[in-house]
Amino acid sequence: MSTTARARAARNAPRPPWSLVVPVKVLARAKTRMSAAAGPHREALALAVAADTVAAALRCDRVRDVIVVTDDPLPAAELAALGARVVPDVPDAGLNPALVHGAGRGRELFPDAGVGALSADLPALRPDELARVLDAAAAAPQAFVPDAAGVGTTLYTARPGVPFAPAFGGGSRAAHRSRGAVEIVLPGIDSVRRDVDTPEDLREALALGTGPRTAEVAALLPSVA
């Protein structure tokens, strides 16, 4: 399908509401590549990034529900207070099984909704950019957004009734493409692609404009600020 035809299909396709699943690591194991830059603030940074991501997703009018999968009681409590639905990582078998578990909960609650897996590392996420991506995703059975580096994935979606089969991990962009998911690369969606794993990632997210909690913790990091 050409880019023009795909854009036309996206405009004409019915737009389902979406349940988004956000996996949040136990904070003691989160943001390890930020250890040197963040020092004693590493866990606070990980929580701030996740909180800003979830808060932005909840403000997107295409999103009916945000389901956080975590076994850490601190982010569980704080993200639930924002309005997310929190479920434990019952499979305890890695990232993709946790996402499938969360998506299953979403489909139980809202069978008419599409389901998506959203990275918890998007502190600059803009609700309007997420809405544009979800509208484009509505045109395909499965779709995904590559990260800013062009190697990983920040969002994977499946329309209602379509098997939810995320392939996150090393080289997930290629893995999702090989499974037939449609790649979504639109102009002006930098906030959906800018995940944060390294100090340079964080600097680029701050340049885009992060949520308040990430900005507050980042201000404590001299090597980043």
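## Exercises on burial, pairing and packing

D61 is exposed, with a relative accessible area of 63%. This value, like those below, comes from a predicted model.

**Exercise 1.** Classify D61 and R62 as buried, partly exposed or exposed, and state how their side chains meet.

*Solution.* 
Step 1. A residue counts as exposed over 50% relative accessible area and as buried under 20%. D61 has 63%, so D61 is exposed.
Step 2. R62 has a relative accessible area of 22%, so R62 falls in the partly exposed class.
Step 3. The side chains of the two residues meet in a salt bridge, with N and O 2.5 Å apart.

**Exercise 2.** Identify the salt-bridge partner of K31, and explain which parts of the chain the pair ties together.

*Solution.* 
Step 1. The partner of K31 is D121, and the closest N and O atoms of the pair are 2.7 Å apart.
Step 2. In the whole structure, a search finds 12 salt bridges.

**Exercise 3.** Decide whether R194 and D195 are buried or exposed, and name the network to which they belong.

*Solution.* 
Step 1. R194 has a relative accessible area of 9%, so R194 is buried. D195, at 10%, also counts as buried.
Step 2. R194 and D195 form a salt bridge in which the closest N and O atoms are 3.8 Å apart.
Step 3. A network of salt bridges links R194 and D195 with D201 and E204.

**Exercise 4.** Describe the strand pairings of β6 and the burial of this strand.

*Solution.* 
Step 1. β6 pairs with β4 in the antiparallel sense over 4 bridges. In this pairing, A117 has Y156 of β6 as its bridge partner.
Step 2. β6 also pairs in the antiparallel sense with β5 (residues 142–146), over 5 bridges. Here V145 has L155 of β6 as its bridge partner.
Step 3. β5 and β6 form a hairpin with 6 residues between them, and G150 in the turn has a positive phi of about 75°.

**Exercise 5.** Find the buried residues of helix α4, and explain how they are arranged around the axis.

*Solution.* 
Step 1. In α4 (residues 73–82), the buried residues are P75, A76 and L79. Because they cover an arc of only 105° around the axis, these residues lie on the same side of α4.
Step 2. P73 and A81, on the other side of α4, are exposed.
Step 3. The buried residues pack against α3 (42–58), β2 (63–69) and β3 (85–87).
Step 4. At the N-terminal end, D72 caps α4, with a side-chain oxygen 3.0 Å from the backbone nitrogen of L74. G83, which has a positive phi near 120°, follows α4.

**Exercise 6.** State which residues have the most contacts inside the largest nonpolar core, and which element supplies the largest share of it.

*Solution.* 
Step 1. This core has 33 residues, and L20 and L130 have the most contacts inside it.
Step 2. At least two residues of the core come from each of β1, α3, β2, α6 and β5. The largest share, 6 residues, is that of α6.
Step 3. Leaving aside neighbours within four places in sequence, L20 is in contact with several residues, including A57, I67, L118, L130 and L155.

How values were computed
Residues are numbered from 1 along each chain as its sequence is written. This is a predicted model: local features need pLDDT of at least 70, side-chain atom pairs count only at pLDDT 80 or more; totals for chains, interfaces and linings use all residues. Side-chain values use heavy atoms; hydrogens and water are left out. A salt bridge is a side-chain nitrogen of Lys or Arg within 4 Å of a carboxyl oxygen of Asp or Glu. Buried means under 20% relative accessible area, exposed over 50%, partly exposed in between (1.4 Å probe, protein chains only). Two strands pair if DSSP finds at least two bridges between them. The arc is that of the directions from the helix axis to the C-beta atoms. Contact means heavy atoms within 4.5 Å. A polar contact is a pair of N or O atoms within 3.5 Å; within protein, one must be able to donate a hydrogen and the other to accept it, and residues adjacent in sequence count only if both atoms are side-chain atoms. A nonpolar core is a set of buried Ala, Val, Leu, Ile, Met, Phe, Trp, Tyr and Cys residues joined through side-chain atoms within 4.5 Å.
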